[in-house]
Amino acid sequence: MVAANWKMNGLRRGGRDLARALAGLKRAADAPACDIVICPPATLLFELRDALQSAGIALGGQDCHSEGMGAHTGDISADMLADCGCSHVILGHSERRMDHGETSKMVCGKVAAALRAGLCAILCVGESEDDREAGTALEVVGEQLRNSLPEAGGSADIVIAYEPVWAIGTGRTPNAGEIGEMHQHIRNLFDALKTGGKSGLRVLYGGSVNAENAGDILSIAGVDGALVGGASLSAEKFWNICAHYGR
Ligand code: PEP
């Protein structure tokens, strides 16, 4: 899976152009063999739905509330995302954990809500630079995962995105050994918490993935795809990342 996180970028015209360009590339005979999910701002979901879905590209939200409806000004429920045509939702992104004070417990409620609405949750976890330097990255991410995962759900409707906070938008990435070790740790923990066996969980890497480093990162054992921020705002750059999955 290669998922695009457009974050708070895109007005209607630019969003439409980008979606059309991606749909055109996807329709080409040599489209890559991976699931592609585009997560635009909420204002563009309905607008872009038909263009993306008609080309076999999935639509995702960037957050949802933990409740189904009610007095929560400015929030969007998982049912609303599903109603707009979303099949996926990014949850627990570090920008939301930081900007909106989202704790893992709150994220857990959101994941549960997403599953109830029939969405696939792309659950983000990742350590800070201080955690990495202190040697506690595995512990911190393990704790986030334990506290962000609801009882419900499994590898069919939950995807984990490992996104080191210090790698997001910085052009820096962990080395291959660090990424491989963390993905294995996440998979082991998920299996222990969920199934007690091999679950087929997909673990994406996110943080400064671009067309140049995608080949190396996506080839690391245990990396099942990428969550892409900055580079997903260019159809060509995003497509070159997806193209790693063969033509
Ligand atoms: C992200 O924020 O999810 C992300 C991966 O950003 P970037 O690719 O820009 O580092």
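A salt bridge here is a side-chain nitrogen of Lys or Arg within 4 Å of a carboxyl oxygen of Asp or Glu. Keep that cut-off in mind for the first stops. The model on screen is predicted.

**Stop 1: K110 and D63**

Select K110 and D63. Their side chains form a salt bridge, with N to O at 2.8 Å. Now show the secondary structure. K110 sits in helix α5, residues 104–116. D63 lies in the loop between β3 (58–61) and α3 (78–83).

Are K110 and D63 buried or exposed? Buried is under 20% relative accessible area. K110 has 8% relative accessibility, so K110 counts as buried. D63 is buried as well, at 14%.

**Stop 2: R96 and E102**

E102 is buried, at 6% relative accessibility. R96 has a relative accessible area of 21%, which makes it partly exposed.

Keep both pairs on display. D63, R96, E102 and K110 are linked in a network of salt bridges.

**Stop 3: E143 and R146**

Move to helix α7, residues 137–148. Select E143 and R146. Their side chains meet in a salt bridge at 3.5 Å, N to O. Why are E143 and R146 separated by about one helical turn? Because they are three residues apart in the helix. Both ends are partly exposed: E143 at 40% relative accessibility, R146 at 41%.

Side chains of opposite charge can pair when their charged atoms come close.

**Stop 4: the ligand**

Center on the ligand. How many residues surround it? There are 14, and the closest are K7, H93, E163, G169 and S208.

- H93: a polar side-chain atom lies 2.7 Å from a ligand oxygen.
- S208: a polar backbone atom is 2.7 Å from an oxygen atom of the ligand.
- N5: an N or O atom in the side chain is 3.4 Å from a ligand oxygen.

On its own, the ligand has 290 Å² of accessible area, and the protein covers 95% of that. Last, hide the ligand and look at the space it takes. That space is the second largest pocket.

Methods
Residues numbered from 1 in each chain as written. Predicted model: local features only at pLDDT ≥ 70, side-chain atom pairs only at ≥ 80, totals over all residues. Heavy atoms only, no water. Helix = DSSP H or I, 4+ residues; strand = E, 2+ residues; numbered from the N terminus. Buried < 20%, exposed > 50% of the residue type's maximum accessible area, 1.4 Å probe, protein only. Near = heavy atom within 4 Å. Polar contact = N/O pair within 3.5 Å; in protein donor to acceptor, adjacent residues only side chain to side chain. Areas by Shrake-Rupley, 256 points an atom, 1.4 Å probe, with all protein chains shown as cover. 1 Å grid on protein atoms, 1.4 Å probe; cavity = no way out; pocket = protein on both sides within 12 Å on 5 of 7 lines; lining within 4 Å. Sits in = over half its atoms within 2 Å of the grid points.
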